[in-house]
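Please look over the chain below before reading on. The text after it goes from the overall form to single residues.

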Amino acid sequence: GAVFVAERRTDKSDVKTPASDNSRIRRIVAAILVVVFALGYIAVIVFYRTGFDQTFSPPTPPKGGVAVVFAPTKVDPDARSTSGDVLMFLSPELLDSSGKSKVPLRLELFPALTKNSLDYAAGQIPSPVAVTIPTPGIVQQYPIDTYQVGFSARTTANPVLGRGTEVPTQTSVFFQVPGWNLADVQVTQDSASEVTTTAVISRSGSTKTVAALMLVLMVALAVIAVLVVQSTATGRMRLELNVASWITAMLFALLPIRGFLPGDPPIGSWIDILVFFWVEATIMVCVALAAIGLLMRAREKRRSSKV
């Protein structure tokens, strides 16, 4: 008899209840979410900080020439342009004892949306000049949109006398714009006094990570809304007015989330065509189904009360 009771106790202890299974599933899901959010947080911090870790070092101009540095300060994807400062550094052969230019210089930039001919008078230290360069690209491809930036620089001395004397020129780009990265920089020496520089500007990893996280959460909300409506339709969950109100509120809550995406992508970007509009449409359908369910239940109650 004692052996039989022990066997019965052993059998009962081995049986897993649905509550224990649900608790285990909740713990696993919670652990996965914590790990995913922790990795995403670390990735965003690392990617965002890389845009501030660069240190500017003055370039070394060629002998008897100048070094031109373009330092972007703003990337405008809507206007397809990049604004920044042009810095000019002179070689010792072009400087007097006080560190000022011995000869007047003219720097020509092409293409440029602002003044593309920059004059530096003799007897002065060349100061930074703000310029804007066209940057073609498609902002609707956010957050994987890329922009091609390129310019040609040519420097001459004594420009008053016609074309002037060619001055050896070298160019570089110092890029430190939050939210953006610069890659594939190529410098082509067309002649001793003319250089062409091209590069590719893209969104930083932090922007891409946050945008991807927001899109995944939008899809998750749509899936949850579908599961809730399905549960109420099959009778596993009672359809209450507060459930329908929650689904309706979620429909309007997605709009500010879409507007808070980093970089402020315009309406009609590929993320809207691929994800956002479909998430909104799915939740709209769920709202309609929930409302229909409430109306049908009210109609059944009226019929039962008459009977």
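What follows is a walk through a predicted model, beginning with the chain as a whole.

Because the model is predicted, local features need pLDDT of at least 70 and side-chain atom pairs count only at pLDDT 80 or more, while totals for chains, interfaces and linings use all residues. Residues are numbered from 1 along each chain as its sequence is written, and side-chain values use heavy atoms, with hydrogens and water left out.

The chain has 5 helices and 10 strands; these are DSSP runs numbered from the N terminus, with helices (H or I) of at least four residues and strands (E) of at least two. Its radius of gyration is 32 Å, well over the 19 Å that the globule rule gives for 307 residues, so the chain is more spread out than a compact globule. That radius is taken over C-alpha atoms, and the rule is 2.2 Å times the number of residues to the power 0.38. Along the principal axes, the C-alpha atoms fill a box of roughly 110 × 60 × 30 Å. Of the 307 residues, 33% are buried. Buried means under 20% relative accessible area, exposed means over 50%, and partly exposed lies in between (1.4 Å probe, protein chains only).

P111 sits in the loop between β3 (105–110) and β4 (117–120). P143 is in the loop between β5 (129–134) and β6 (146–157).

R80 belongs to the loop between β1 (66–76) and β2 (81–90), and is partly exposed at 44% relative accessible area. D184 also has a positive phi, near 55 degrees, but lies in strand β9 (residues 180–189). With 56% relative accessibility, D184 counts as exposed.

Last comes the surface. R299, R302, R303 and K306 gather there in a patch of positive charge. Such a patch is made of residues with over 30% relative accessible area and no salt bridge, like charges being joined within 9 Å. A salt bridge is a side-chain nitrogen of Lys or Arg within 4 Å of a carboxyl oxygen of Asp or Glu. The place of a charge is taken as NZ of Lys or CZ of Arg. R299 is found in helix α5 (residues 270–306) and is partly exposed, with a relative accessible area of 48%.

How values were computed: Patches are made of residues with over 30% relative accessible area and no salt bridge: like charges are joined within 9 Å, nonpolar side chains (Val, Leu, Ile, Met, Phe, Trp, Tyr) within 5 Å. Accessible areas come from the Shrake-Rupley method with a 1.4 Å probe; for residues, only the protein chains shown count as cover. Lys and Arg count as positive and Asp and Glu as negative; His and the chain ends are not counted.
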